[in-house]
Each structure stands twice: as C-alpha cells, then as structure tokens.
Amino acid sequence: MTIHVVGGGVAGLAGALALARAGRAVVLHEASPGAGGRARALADGTDNGTHALVGANTAALAFLRAVGARDGWVEPEPDGLPVLDCADGAARRISLSPFGWVSAGHRPPGLSLAALGALARMALPGRDVPVAQAMAAYPVFQRGFVDPLVVATLNTPSAEASSARLAQVLRRLGGPGATRLYVAERGLGPDMVDPALAAIRAAGGEIRFNSRIRSLTAQGDGWLLDGAPAAQILLATPPWESARLLPGLAVPQAHAPIVNLHFARSQPGPVRFVGFVGALCQWVLVRPSGVSVTISAGDAEAGEDAATLAPRAWGEILRAAAAFGIPGEWPIRAPECRLVKERRATPRHTPGPPLAPPRRPAPGLALAGDWTWPHLPATIDAAVRSGEAAARALL
Ligand SMILES: Cc1cc2nc3c(=O)[nH]c(=O)nc-3n(C[C@H](O)[C@H](O)[C@H](O)COP(=O)(O)OP(=O)(O)OC[C@H]3O[C@@H](n4cnc5c(N)ncnc54)[C@H](O)[C@@H]3O)c2cc1C
C-alpha cells in the first residue's frame with residue numbers, strides 16, 4: 001500500500017526517508033521543480049538563504065548523517081563567534097556557550113549575574129512575555145547578545161518574541177557541544193537536499209516534481225488525492241497550504257520574513273561566519289562560492305530593494321573583513337548582488353501557547369512541517385522531527 005508524502009521540504013524528505021527505509025512504498029509529491037522548500041538551492045545553485053545548525057539540533061544532524069551528508073557541514077568559527085558592533089566598531093569573539101564565558105575574552109557585553117538570572121527566569125513555567133520586556137533591565141546584554149540570539153532562533157523581534165519559546169531554545173543549549181555552529185560548506189543542494197533525494201530513491205521511494213496536490217478528500221477509511229484513491233498520506237506542506245487542503249485546520253497566521261543578499265564574490269578561502277550588532281546585516285556567511293547576508297525578522301527590509309540594501313550591507317561586510325582579518329580581495333564597490341526575500345520564512349513566535357496540531361488528525365493521514373512541532377521554534381530540526389514523527393504515526 002503506497003504512502004503519498006505531500007511536500008518535499010525538509011519535513012517531507014525526512015518523513016519519506018523514514019517510510020521508505022521501513023520498507024513502505026512511497027511517492028513524494030513536490031509542487032515545485034526542486035525539493036528543499038524553505039531550505040533549498042535556487043536554480044543557479046545559490047541557497048535561498050543561509051541555514052545554520054547548532055549541536056543541539058540533534059535530529060537535523062542525525063538526518064544529515066543518515067543521508068551521508070554530515071561531513072558537508074563544517075564549523076566555521078570554533079573559537080567563538082566574531083561579532084562586529086557597527087555602532088562603536090567593537091570587534092569581539094563571543095562564545096555562544098555559557099561555559100565559554102569563563103574566559104573574559106569570550107563574554108558578551110553587559111554580562112552580569114543579574115542579567116543571567118533574568119535569562120534563567122525565562123525558563124520558569126507559566127511565564128511568557130515579550131523577551132524585550134523580560135530583559136529590559138539589562139539593555140547592554142540584551143542588545144549585544146539576547147536580541148541577536150532571538151532573531152536568529154525565533155525570527156521574531158525581541159519586542160514581540162515569546163520568552164517561553166526562547167527558553168525552549170536556551171534549555172537545549174546547555175549540553176556538551178550544543179552551541180557548536182555548523183553551516184553547509186558548498187550549499188543546501190549538495191550538502192542536504194540532493195543526498196536526501198538520493199537516499200529516498202535508493203530506499204525505493206519515488207519522487208514527483210511539479211506535482212502540486214490540489215485537493216484532499218476523505219473517502220471511507222482512506223483519501224482521494226486529486227480525485228485518485230490514496231490509503232495513507234503524510235501531509236508536509238507549509239501552514240497556509242495545509243489549511244487550504246484541510247479546511248478548518250488551525251495553523252499559524254502571522255509569519256515573519258527573512259531577507260537574504262547574495263554577493264557574487266567567488267574566491268578560495270576558509271568558510272567564515274560573522275555576527276553584527278547595530279547594523280543592517282545580522283549574519284554574514286563567507287564561502288568560496290559567495291558572500292551571503294541574512295536579515296531575519298526583516299519586516300522593514302522586505303519593503304526595500306537591492307539598490308538600497310546592497311551598498312549598506314557591503315559597507316558593513318568590508319568593516320567586518322578588516323576587523324577580523326578575513327583573507328582575500330574585498331573590492332570597495334559592492335559586487336553583483338542577488339536579493340531573495342522569503343516573506344513567510346517562519347511563523348512569528350509570539351507569547352501564548354504554540355499550536356500543537358494532532359499528528360494524526362484522521363485515519364490514514366499524518367501531519368508534518370516545522371510549524372507542527374510545538375517543542376521547538378520553526379527550524380530544520382523541528383521539520384525533521386515532525387517528518388519522522390508523522391512517518392512513525394503512519395507505520
Ligand atoms: C531564509 C531562511 C533562513 C532560514 N534559516 C534557518 C536556519 O539557519 N536554521 C534552521 O534550522 N532553519 C532555518 N530556516 C527555517 C527552515 O528553513 C524551515 O523551518 C524548514 O525548511 C521548513 O521545512 P518544512 O518541510 O516544514 O516546510 P517547507 O520547507 O515549507 O516545505 C513544504 C514543501 O511543500 C511544498 N508544497 C506546498 N504545497 C504543495 C502542494 N499542494 N503539493 C505538493 N507540494 C507542496 C513546497 O513547495 C515545499 O517544498 C530558515 C528559513 C528561511 C526561509
């Protein structure tokens with residue numbers, strides 16, 4: 001009996017792989033010409049946006065290992081994250097792990113026992129307020145450490161981000177190696193999506209691109225998928241599409257954009273990753289294939305174009321390259337730049353209990369997708385966990 005997986009993002013890929021490796025006949029339907037969804041390579045091979053993982057993302061890293069792609073994810077900054085404060089020019093190396101803060105040279109600005117206490121209080125049950133409110137008494141620590149962490153992990157500005165959701169993240173960052181940062185050395189295509197597709201095919205799964213499912217209709221004990229009988233379905237579409245296919249399903253309504261700039265600067269050299277404070281850029285990834293800027297929770301920037309964003313971003317990148325001695329040629333004029341706006345990159349993680357849709361809302365149907373995993377913010381890790389949980393529910 002064939003299981004139809006709808007959606008070839010990370011959740012669908014993880015679900016399809018689990019089903020195929022369990023010996024089930026699997027057909028994966030992906031609406032677009034390529035897989036990966038919100039974590040994909042564009043037609044020219046550029047990633048839609050920089051994706052970083054940390055050691056705490058154990059399901060994502062295990063998935064990469066399972067498809068033979070783990071070695072493609074490298075640790076660009078093992079000695080602490082370089083962070084440039086564009087307001088005062090301070091160039092620091094900040095440890096993401098509290099254990100690293102024993103060394104004065106790796107501490108975030110404004111760190112104090114009281115500020116740490118405020119961070120720890122977020123983890124107390126029953127308290128869910130905007131992060132900026134919880135950290136208001138510690139503005140230096142908030143600006144230099146908490147705010148960048150919040151937009152990076154929740155893709156929501158601190159003024160509206162849920163302290164309880166941040167606490168979910170913080171609780172996971174305490175283990176050994178949990179804060180080690182990884183990025184795809186070549187890109188999401190060769191280092192995640194292509195190996196995942198190959199692994200599904202090797203396990204006997206079939207993949208259909210340009211296969212947009214238009215309707216799901218319950219029929220007896222099974223379903224009609226675009227009118228054709230389908231006994232079992234793993235639905236791994238984004239929230240708005242899941243709600244269209246299953247009217248009445250409660251899904252997140254508010255989303256936050258991520259704006260990405262990709263500069264055509266191809267040069268051999270090490271992979272580097274730099275954080276910014278007081279700047280347009282939040283993160284910059286330097287790879288031999290190009291230089292990519294991430295602007296998470298970029299509500300304002302989503303309304304701008306490359307003509308205004310690229311020169312500002314490139315100016316900040318030049319300052320960071322000088323401050324941290326990033327090798328290679330750094331032309332004064334911004335190289336050609338590609339702008340990618342992901343307007344619905346993730347749900348907004350605001351205070352209030354996260355949605356927890358049923359994994360199996362009806363016989364023969366299981367739900368997956370980053371938004372269906374209430375224990376984590378919407379990330380690759382949540383997507384993998386949800387896909388594998390949906391596969392288990394069908395098995
Ligand atoms: C720019 C950007 C940067 C990010 N950075 C990070 C990061 O650093 N770390 C991290 O962990 N996460 C990051 N994320 C979040 C991460 O990409 C997502 O959480 C994850 O990819 C979601 O996967 P998914 O499978 O749940 O959903 P999606 O990726 O949305 O996949 C759903 C798939 O379903 C397909 N589909 C839709 N409708 C249909 C239909 N009717 N029929 C068939 N197919 C359909 C879509 O084309 C898509 O391929 C980032 C996201 C963006 C956009």
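This briefing walks through the overall build of the protein and then looks at one of its helices, α2.

The model is predicted. It holds ten helices and 18 strands, and 55% of its 395 residues are buried.

**Overall shape**
- The radius of gyration is 21 Å, which agrees with the value near 21 Å for a compact globule because that is what the rule gives for 395 residues.
- Along the principal axes, the C-alpha trace spans about 65 × 50 × 40 Å.
- Among contacts with a separation of 6 or more, 68% join residues 24 or more positions apart.

**Surface and charge**
- You will find 37 positive and 30 negative side chains, with the centres of the two sets 4 Å apart.

**A closer look at helix α2**
- Helix α2 covers residues 58–66.
- Its buried residues are Ala59, Ala60, Leu61, Phe63 and Leu64.
- An α-helix has 3.6 residues a turn, so residues three or four places apart point the same way.
- The helices packed against by the buried residues of α2 include α1 (10–21), α7 (188–202) and α10 (380–394).
- Strands also take part in this packing, among them β3 (52–54), β4 (73–74) and β7 (181–184).
- After α2 comes Gly68, which has a positive phi, near 75 degrees.

Definitions and conventions:
Residues are numbered from 1 along each chain as its sequence is written. This is a predicted model: local features need pLDDT of at least 70, side-chain atom pairs count only at pLDDT 80 or more; totals for chains, interfaces and linings use all residues. Side-chain values use heavy atoms; hydrogens and water are left out. Helices (H or I, at least four residues) and strands (E, at least two) are DSSP runs, numbered from the N terminus. The radius of gyration is taken over C-alpha atoms; the globule rule is 2.2 Å times the number of residues to the power 0.38. Buried means under 20% relative accessible area, exposed over 50%, partly exposed in between (1.4 Å probe, protein chains only). Contact means heavy atoms within 4.5 Å. Lys and Arg count as positive and Asp and Glu as negative; His and the chain ends are not counted. The place of a charge is taken as NZ of Lys, CZ of Arg, CG of Asp or CD of Glu.
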